[in-house]
Amino acid sequence: MYQLYIANKNYSSWSLRPWLLMTELNIPFTEQLQQFLPDNFANFSRFSPTAKVPCLHDGSTVVWESLAIVEYLAERHAGVWPADAKARNYARCAASEMHAGFSALRNICGMNCGVRVKLHQYPAALAKDVQRIDTLWQQGLTEFGGPFLGGNQFSAVDAFFAPVVFRIQSYGLELSAPAMAYAKRILALPGMQSWYQAALNESWRDQGHEDEMRASGIVVSDLRLS
């Protein structure tokens, strides 16, 4: 069985992607959760050549980086990418764009599932990232009929934007009505609800992630286990 190494569910946006994909597609795996520490290298390098998460082990085969994990799974399981060729092309492009871009969103609105934050400011770079995400989502929903970005089935492109959905919830980011409706659908998925509840129940805190979040805004609500 696959072994999927991830980190704290409250913070680890990269881990969420393959975890949610495998969960929603019913691909069996064993979760190996490793807590973020001030120095992760010694621990994480035991299972990952980059000392980062996520990392997938399939017997003696080790696959690192979330996009590589998705492609590895796509070679072995149906439904990872949309079946329709045009939808599949869109999905791969959109997922790759998410994998490589949106630095303002990542830096200002780091994933922190259990809090609600009022941003100190809403800089132009963040607004540009949010607008691009809105455009990408509306493109997929319109061209392929929804309710998911690549059509009527959840796929890897939805998994890649799942951390954005948590950021929208945590930071009160505003998108168009169709994009917000899509975000609510993703939040309602059983896998997302499972991840969210686990994130709320984590009793430990990573100071680096907490400091980044507080540098961006004021915590108006903390729903995590105290």
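Reply: One definition comes first: two strands pair if DSSP finds at least two bridges between them. Strands are DSSP runs of E with at least two residues, helices are runs of H or I with at least four, and both are numbered from the N terminus. The model is predicted: local features need pLDDT of at least 70, side-chain atom pairs count only at pLDDT 80 or more, and totals for chains, interfaces and linings use all residues. Residues are numbered from 1 along each chain as its sequence is written, and side-chain values use heavy atoms, without hydrogens and water.

Me: What makes β1 and β3 a pair?

Reply: There are three bridges between β1 and β3, in the antiparallel sense, and at least two are required, so the strands pair. In one of these bridges, Gln 3 has His 57 of β3 as its partner. His 57 also has a bridge partner in β4, namely Val 62. β3 and β4 pair over four bridges, again in the antiparallel sense. They form a hairpin with two residues between them, and Gly 59 in the turn has a positive phi of about 65 degrees.

Me: In which sense do β1 and β2 pair?

Reply: β1 (residues 2–6) and β2 (residues 29–33) pair in the parallel sense, over five bridges. The chain passes from β1 through helix α1 (residues 13–24) to β2, a β-α-β crossover that is right-handed. That word applies if, with the strands pointing away from the viewer, the path from the first strand over the helix to the second runs clockwise. Within this pair, Leu 4 is bridged to Glu 31 of β2.

Me: Why is Gln 34 called buried?

Reply: Gln 34 has a relative accessible area of 13%. Buried means under 20%, exposed over 50%, and partly exposed in between (1.4 Å probe, protein chains only), so 13% falls in the buried class. Gln 34 lies in the loop between β2 and α2 (41–44). Its contacts (heavy atoms within 4.5 Å), leaving aside neighbours within four places in sequence, include Tyr 5, Ile 6, Asn 43 and Phe 47.

Me: What makes the pair Gln 34 and Asn 43 a polar contact?

Reply: Their side chains are joined at 3.3 Å. A polar contact is a pair of N or O atoms within 3.5 Å; within protein, one must be able to donate a hydrogen and the other to accept it, and residues adjacent in sequence count only if both atoms are side-chain atoms. The 3.3 Å value is within that limit, so the term applies.

Me: Is Asn 40 buried or exposed?

Reply: Asn 40 counts as buried, at 19% relative accessibility. It sits in the loop between β2 and α2, and a polar atom of its side chain lies 2.6 Å from the backbone nitrogen of Leu 37.

Me: Why do the buried residues of α3 line one face?

Reply: The buried residues of α3 (residues 66–74) are Ser 66, Ile 69, Val 70, Tyr 72 and Leu 73. Seen down the axis of α3, they fall within an arc of 160 degrees, so they line one face of the helix. The arc is that of the directions from the helix axis to the C-beta atoms. Among the elements covering these residues are β1, α1 and α7 (156–171).
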